[in-house]
Amino acid sequence: MAANARSIILHQYDISPFSEKVRVAFGIKGLEWFACDEPVIMPKPELVALTGGYRKIPVMQIGADIYCDTQIILRELERRFPSPTLFPGADKGLGWGFAMWADRVFFQAAVAIIFGGGTPIADDAFIKDREKLTGRPFDIEGMKAAAPMMAEQFRAQLDWLEGQLADGRTFLLGTEPGLADASAFYNLAFVRWASPGGVKLIEAFPGVLAWEKRVAGLGHGTRKEVSREEALDIAKAATSTEEAKADPGEPNGLKPGDSVTIMADDYGRDPIPGELVSSSAQHVAIRRSDPRVGEVVVHFPRAGFLILKS
Ligand SMILES: N[C@@H](CCC(=O)N[C@@H](CS)C(=O)NCC(=O)O)C(=O)O
């Protein structure tokens, strides 16, 4: 069946590690989804028409609701498709903490050993694009010099995973897989795609290797494909399902109707303006419109994002 306004569309590319996190979550939940392949570097005109400026990958679209960042994507998947959960066992808050560690500290170690590892995987256009994304030089020579130290950092963190698995548990937080597994796993997948030296580090940890096979075995759910033009047509024809809602605990007085600008607090800090629809401790949703997609609601997480009143 072709994609429609209720389909899960993941704007992604196959060698995107953060997309792998979401694909594993689709596997855990056994979901059907549509891959909408986006370019690896800018320009990404179709993606930006949906998001209003956010250019990172992945972005999830369901009709005219657009979810930027894996944190909000996974929160929304859990809300819409609660079973099986991404938060198994008693430690309900731990998955998010695991994910924040995996997305920032562990990911940066993986990036450093991949790009400093001597395999020429970054051409000039990619380097220029990533310099614009981060606002810093993409210094391959510096990364090469730092690679031995970063290998130690990556190994130390693999050893944490080995320790967590040492009691023979099946997945990181017990007998069922969840967000913690998807988050740690995608970094290993990334290293396997691109760094023979990094693979050697992984292979020294038997518990991690056996767990990694179990996570890979979860699969990616049922994947179908949708074109970028079709995805835009779906957004244009759909109406957001997000309802206006004020958050009584909102610390900075934000309320529906306010004009705000949202940006990531790390890299890819492109500002996205819109009108606030709803917010909570964990999310903010803004309405914006674009000639190609009409009115859409764009959703972001709170942790890791800044909201500026315009
Ligand atoms: N915090 C973001 C990070 C996403 C991210 O850094 N994605 C990478 C690709 S895996 C990216 O967007 N790189 C730049 C690009 O693809 O244009 C999330 O959790 O989704």
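A polar side-chain atom of Arg-130 lies 3.4 Å from an oxygen atom of the ligand, a polar contact being a pair of N or O atoms within 3.5 Å; within protein, one of the two must be able to donate a hydrogen and the other to accept it, and residues adjacent in sequence count only if both atoms are side-chain atoms. The model is predicted: local features need pLDDT of at least 70 and side-chain atom pairs count only at pLDDT 80 or more, while totals for chains, interfaces and linings use all residues. Residues are numbered from 1 along each chain as its sequence is written, and side-chain values use heavy atoms, with hydrogens and water left out.

Two further side chains make such contacts. An N or O atom in the side chain of Lys-44 is 2.5 Å from an oxygen atom of the ligand, and for Tyr-13 the corresponding distance is 2.7 Å. The protein covers 94% of the 500 Å² of accessible area that the ligand has on its own (Shrake-Rupley method, 1.4 Å probe; for residues, only the protein chains shown count as cover).

Around the ligand stand 14 residues, of which Tyr-13, Lys-44, Arg-55, Thr-70 and Tyr-267 come nearest; a residue is near if one of its heavy atoms lies within 4 Å. The shell divides into seven nonpolar, two polar and five charged residues. Here Ala, Val, Leu, Ile, Met, Phe, Trp, Tyr, Cys and Pro count as nonpolar, Asp, Glu, Lys and Arg as charged, and the others, Gly among them, as polar. Helices α1 (17–29) and α5 (124–134) each supply at least two residues of this shell.

The protein chain has ten helices and ten strands, defined as DSSP runs numbered from the N terminus (helices H or I, at least four residues; strands E, at least two). Its radius of gyration is 19 Å, close to the 19 Å that the globule rule gives for 310 residues, so the chain is as compact as a globular protein of that length. The radius is taken over C-alpha atoms, and the rule is 2.2 Å times the number of residues to the power 0.38.

Ten strands form an open sheet with mixed pairing, in the order β5-β2-β1-β3-β4-β9-β8-β7-β6-β10; two strands pair if DSSP finds at least two bridges between them. β5 (222–225) and β10 (305–309) stand at the edges with a single partner strand each, so one side of each has no neighbour in the sheet. Within the sheet, β1 (residues 9–12) and β2 (residues 32–37) pair in the parallel sense over four bridges, and Gln-12 stands opposite Asp-37 in β2.

Most residues other than glycine have a negative phi, and most peptide bonds are trans. A cis peptide bond joins Met-42 and Pro-43, with omega about 5 degrees; Pro-43 is in the loop between β2 and α2 (45–51). The bond from Ser-83 to Pro-84 is also cis, with omega near -5 degrees, and Pro-84 is in the loop between α3 (70–80) and α4 (94–115). Asp-69, in the loop between β4 (65–68) and α3, has a positive phi near 95 degrees.
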